[in-house]
There are 2 protein chains.
Amino acid sequence: MSLLTIGTMAFDDIETPFGKVEKVIGGACTYISWAASYFLEDIQVVSIVGDDFPNEEIDLLKSRGVDLEGLEIVPNKKSFFWSGRYHDNMNQRDTLVTELNVLADFDPVIPESYQEAEFVMLGNLTPEIQLSVVKQLKKRPKLVAIDTMNFWMDVAWDALHETLKHVDMLIINDDEARQLSGKYSLVHAAEEIFKKGPKYLIIKKGEHGAFLFHEDKIFFAPAMPLAIVKDPTGAGDTFAGGFMGYIASQEEVSFEVLKTAIIYGSAMASYCVEEFSLDKLKNLSQYEISSRVNRFKELVHFIV
Amino acid sequence: MSLLTIGTMAFDDIETPFGKVEKVIGGACTYISWAASYFLEDIQVVSIVGDDFPNEEIDLLKSRGVDLEGLEIVPNKKSFFWSGRYHDNMNQRDTLVTELNVLADFDPVIPESYQEAEFVMLGNLTPEIQLSVVKQLKKRPKLVAIDTMNFWMDVAWDALHETLKHVDMLIINDDEARQLSGKYSLVHAAEEIFKKGPKYLIIKKGEHGAFLFHEDKIFFAPAMPLAIVKDPTGAGDTFAGGFMGYIASQEEVSFEVLKTAIIYGSAMASYCVEEFSLDKLKNLSQYEISSRVNRFKELVHFIV
């Protein structure tokens, strides 16, 4: 199976109580691809960078089996840049700088060789760009998932709603779910969001875990309680990458598969935050992944 | 097995977005006893009320098998009264009125007939009163659990720490765990709190579930996602009552038993908040309890 993923590839400056790093590799598409690469080889990237983006990072992704035909490298331009500082509790952050650079002109064209993609992960971008990707696909994928954020609810409400009509799954956090639905109870929020198009909804609650809603079914995945969280940047995208990667590696898309996929996504995210940037995510073993998944199982297992 | 419980029996005025009730029955000991009464018959109450406390409420508890020899009824005095208003999100509340009344003179004497108690639940009270109960017991119970609150950390730090040396289990929320330990990570908080005496720690996170820590083991119980939460008052005490009631109904105290007990406590709490005061908690069937426990199992069950 193949996973098409679209999103940013970027540089980040990050400051947390555990340190400060400058111009490290970031971006939704980067985290998604790295996380998914532990589950399947056929990953197709649609993104844009400037010519300042390191060749060795591109080569590393290629060595993981990631297809970068859809990566546009713009000469004499700079890559997207984001700078943020986390508060002491790591649950809140301030964006210090956002430089769109090449992203300002991002108008993705899906390569012909990507047309057979069976799974699509639309990273957080303008709803218009996300919709354009879906509309360029000549064959309906098995599952199209989308990430978005409160910013697009503020400035692009209608476009976001048009896009939501064309996706199967929405992956957002609890604040975003409440803003999008106008409901405080997440059970009610899910009911409202299903009316907008998606038939699957994942609500991420950060250190408090994540819900999966589908029809009248609910699954809950806890977050792994960690002694040290050094850098939460990319955790949500890593979750999405592990989640979609696991699904794409399976024979069928069932609720059971989605449940297990959330646990794999949570396991990948729990590793991601233990180091800055992609440092941990680039160096995981299959044993580390499966042993953390087993820890998730122990964490919630009880006998009645 | 028998469960000795100490705490308030009170009147509450409660206002939530779903309505307002006046002079309804409340108090930690009331919620604990009601919740525990679904699991065992041998419950011993130590509490204090004025002569305004309704006889029919006392008779109802007796009909559930609750022993009220340790309930002091003070003539010509009023019962403890609390009044609170919940914010729209139900996660925060303002205390409007606290009238100690009879509680100001509470100096509990453990009846001789309670001396064989094998399980003890010390509801939230001054640490001095909680310690006096433990010291009056001639035989060490199998498990002594204690609830407390940030107020006692502010005004009775030393007394609370002296009391913690004499208990097996502490049941608090995440803010309280952080204040008591001085650590943000709950994993680190647990390590610090174990140094203070308890060998079991439950950290409640309200709508985000609860952790059980013991040695290097961690168990996590989610909260049931509910469409409607009418009144969170007493949810923590109901959790503690269901939890201790379940444990006291079992042959042995093992980590496995404690895990299942947390799910039973969570199930009871999830019913408690669906109606005001004790309205739901007074009218549960064993079928409702076991079916909700099964929903908890479905909520977190996955296959790897």
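A crossing of two helices is called left-handed if the near helix is turned anticlockwise from the far one by less than a right angle, and right-handed if clockwise. With that in hand, α1(A) and α8(A) make a right-handed crossing.

Some housekeeping before the details. This is a predicted model, in which local features need pLDDT of at least 70, side-chain atom pairs count only at pLDDT 80 or more, and totals for chains, interfaces and linings use all residues. Residues are numbered from 1 along each chain as its sequence is written, and chains are lettered from A and ligands numbered from 1 in the order in which they are written.

Let me start with chain A as a whole. It has 10 helices and 13 strands; helices here are DSSP runs of H or I with at least four residues, strands are runs of E with at least two, and both are numbered from the N terminus. Along the principal axes, the C-alpha atoms of chain A fill a box of roughly 60 × 45 × 35 Å.

Now back to the helix pair I opened with. Helix α1 (residues 28-36) of chain A and helix α8 (residues 235-248) of chain A have axes that come within 7 Å and cross at roughly 40°. The axes are lines fitted to C-alpha atoms, for helices over the stretch in contact, and the angles run from 0 to 180 degrees between N-to-C directions. That angle makes α1(A) oblique to α8(A); under 35 degrees counts as roughly parallel, over 145 as roughly antiparallel, 65 to 115 as roughly perpendicular, and the rest as oblique.

Which residues of α1(A) and α8(A) make the contact? From α1(A), they include A:Y31, A:I32 and A:W34, and from α8(A), they include A:G241, A:G242, A:M244 and A:G245. Contact means that the C-beta atoms of two residues, placed from the backbone, lie within 7 Å. The residues of this contact divide into 8 nonpolar, 5 polar and 1 charged. For these classes, Ala, Val, Leu, Ile, Met, Phe, Trp, Tyr, Cys and Pro are nonpolar, Asp, Glu, Lys and Arg are charged, and the others, Gly among them, are polar.

A second pair in chain A is helix α3 (residues 127-136) with helix α5 (residues 157-164), packed at an angle of about 25° with axes 8 Å apart. α3(A) and α5(A) are therefore roughly parallel to each other, and their crossing is left-handed. A:P127, A:E128, A:Q130 and A:L131 of α3(A) meet A:A159, A:L160, A:E162 and A:T163 of α5(A). By class, that contact has 4 nonpolar, 2 polar and 2 charged residues.

Next, the two chains together.

The contact between the chains takes 27 residues from chain A and 27 residues from chain B. On the side of chain A, α7 (186-194), β13 (217-221), α9 (255-272) and α10 (286-300) each give two or more residues. That side has 18 nonpolar, 5 polar and 4 charged residues.
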